[in-house]
Amino acid sequence: MNHLRSELERYVFSEEEKEQLKERLGTGMENRKKGRPRNIQRGIVALVAVCSLLVGAAGAVWLVQVSPQFRAFFGIETAEQAKQVAPRAIHQVYEDPNGTGVTLTVEEVLMDEQTLYVFLELAAPEGIVLSALPEQGQRADYWLPVEWGFYADEAHTQYADQWSAVSGGCRSLPDADPLDNRLPLVCTITRSGGTFTAEANYLRLTTGGNGDSVEDSLRGYNTSEGGWTDEILSGFHFDLTIPLEGSRIESHVFTGRSMVNLGGVCPVLLENLMLSPLSMTMDLILPDDEGYLAQLDAQREQETDWGIYARLWDGTRVAGHFDPNYSIQIYRDENSQEKNTLLAVHPTRVFWESPIDPLEVADLVFVVDNDPPEERADGGVGHMVYFRFEPDRFQNTAYWTAREERQGAVQEQKNGATAVSQVSSAP
């Protein structure tokens, strides 16, 4: 009974859907009064069936299997968006073998070519409240240090080499109930170069277990110290093996490069572009580090972002936001008398405000670089053009062919609809 109730609580309906649900359930209740009492379990099953009718099969699967934290993290609001990033549902609860009473639940797993997301829920022993700290919404309140490894097999005998994977651990997500003992987390692991190998079938995720240092504990953010220094829970240990099969979403990796003028003030060479429903990653190459770092500091101080959006074929603009996390390599010729530097920033990652279908992307637009005046949100006029999202600059035959076929099919459908309309309106 309880597990069915918890599944039903995952459903989210619009006001119109709520009214339809009330009407259908009310009709069912009237019919039930006329006949014999029904089994309560069957009633719950009937409720789930009604939910399926209301939101459709795809929507029902999305609502049942995907946690609210997952939807909020990726900006998912519709079943159509959810289809682009359907995760692998795990819903597996693990108890701390050290006997502290702490449990860790693996909810969902999702990965593209360069980043893996593991959504978890940590539960403290009864009586311990994991309340929201003052910085909620601005930064992660809590931080859980973890170690990880990728393997081809569940027994961890075949290591899938991921030496360039980087991540700082698991950070907390906004909590719908900040006064309980449960804490939603997301663990993000990103490749700083290249992509995940096909052999990366299992993730081994390990937390600390000694309890004798802050590194082996759930830590809270301390505003005065500017870091996650407050020890909240300690002494627990988890060693999890998480299957990754079925969690990958289709990504498109391009070879080639193009210049781009970030914000109209920072010209860079962009290469190693990767486009997925969730994000876009790239490497940025600059002739020196001073100009880029100065602009980056200015962005942080002003709490603004270099403008970028994906313009879809139907005219929709989906905004992107630069991830502040990145890795930098600075190359200098130590034998040169003059300052001779080259800065490589990778991977620079842009997160879309909601999932997109990469094949529906008409253009990737950097504001003040390749944005036509009619596309400018501020109504500005004039633009310089460096960046071009075109086949001759970014090579990926499979992607460009699939996109062309998609647009051809859409156009044929429009032509067919127009022809039917003309026939039906003829005298």
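Which residue in β9 is the bridge partner of Y151? The bridge partner of Y151 in β9 is Y202.

## Basis of the model

This is a predicted model, in which local features need pLDDT of at least 70 and side-chain atom pairs count only at pLDDT 80 or more, whereas totals for chains, interfaces and linings use all residues. Residues are numbered from 1 along each chain as its sequence is written, and side-chain values use heavy atoms, with hydrogens and water left out.

## Strand pairing around β9

Strands and helices are DSSP runs (E, at least two residues, for strands; H or I, at least four, for helices), numbered from the N terminus, and two strands are said to pair if DSSP finds at least two bridges between them. On that basis β5 and β9 pair in the antiparallel sense over six bridges, and β9 and β12 pair, also in the antiparallel sense, over five bridges. Y202, the partner of Y151, stands opposite P243 in β12.

## Salt bridges

The structure holds eight salt bridges, a salt bridge being a side-chain nitrogen of Lys or Arg within 4 Å of a carboxyl oxygen of Asp or Glu. The side chains of R204 and D239 meet in one of them, with an N to O distance of 2.7 Å. This pair links distant parts of the chain, since R204 belongs to strand β9 (residues 202-207) and D239 to strand β12 (residues 239-243), 35 residues apart. R204 is partly exposed, with a relative accessible area of 28%, and D239 is partly exposed at 37%; here buried means under 20% relative accessible area, exposed means over 50%, and partly exposed lies in between (1.4 Å probe, protein chains only).

E80 forms a salt bridge with K83, in which the closest N and O atoms are 3.2 Å apart. Because E80 and K83 are three residues apart in helix α5 (residues 79-84), they are separated by about one helical turn; E80 itself counts as partly exposed, at 48% relative accessibility. R388 and E390 also meet through their side chains in a salt bridge, at 3.9 Å from N to O, and R388 is partly exposed at 29%, as is E390 at 30%.

## Nonpolar cores

A nonpolar core is a set of buried Ala, Val, Leu, Ile, Met, Phe, Trp, Tyr and Cys residues joined through side-chain atoms within 4.5 Å. The largest has 33 residues, of which L116, V118, L120, L122, F150, L203 and L218 touch the most other members. Among the elements that give two or more residues to this core are β3 (115-123), β5 (146-151), β9 and β12. A second, separate core of 32 residues includes L270, L273, W306 and L364.

Contact means heavy atoms within 4.5 Å. Leaving aside its neighbours within four places in sequence, L120 is in contact with residues including L104, V106, C170, L183 and L205.

## The surroundings of D371

D371 is found in the loop between β21 (361-366) and β22 (394-395), and at 0% relative accessibility D371 counts as buried. A polar atom of the D371 side chain lies 2.8 Å from the backbone nitrogen of V368, and a polar atom of that side chain lies 3.4 Å from the backbone nitrogen of D369. Beyond its neighbours within four places in sequence, D371 is in contact with Y309, V365, F366, R376 and H383.

Note on methods. Polar contact = N/O pair within 3.5 Å; in protein donor to acceptor, adjacent residues only side chain to side chain.
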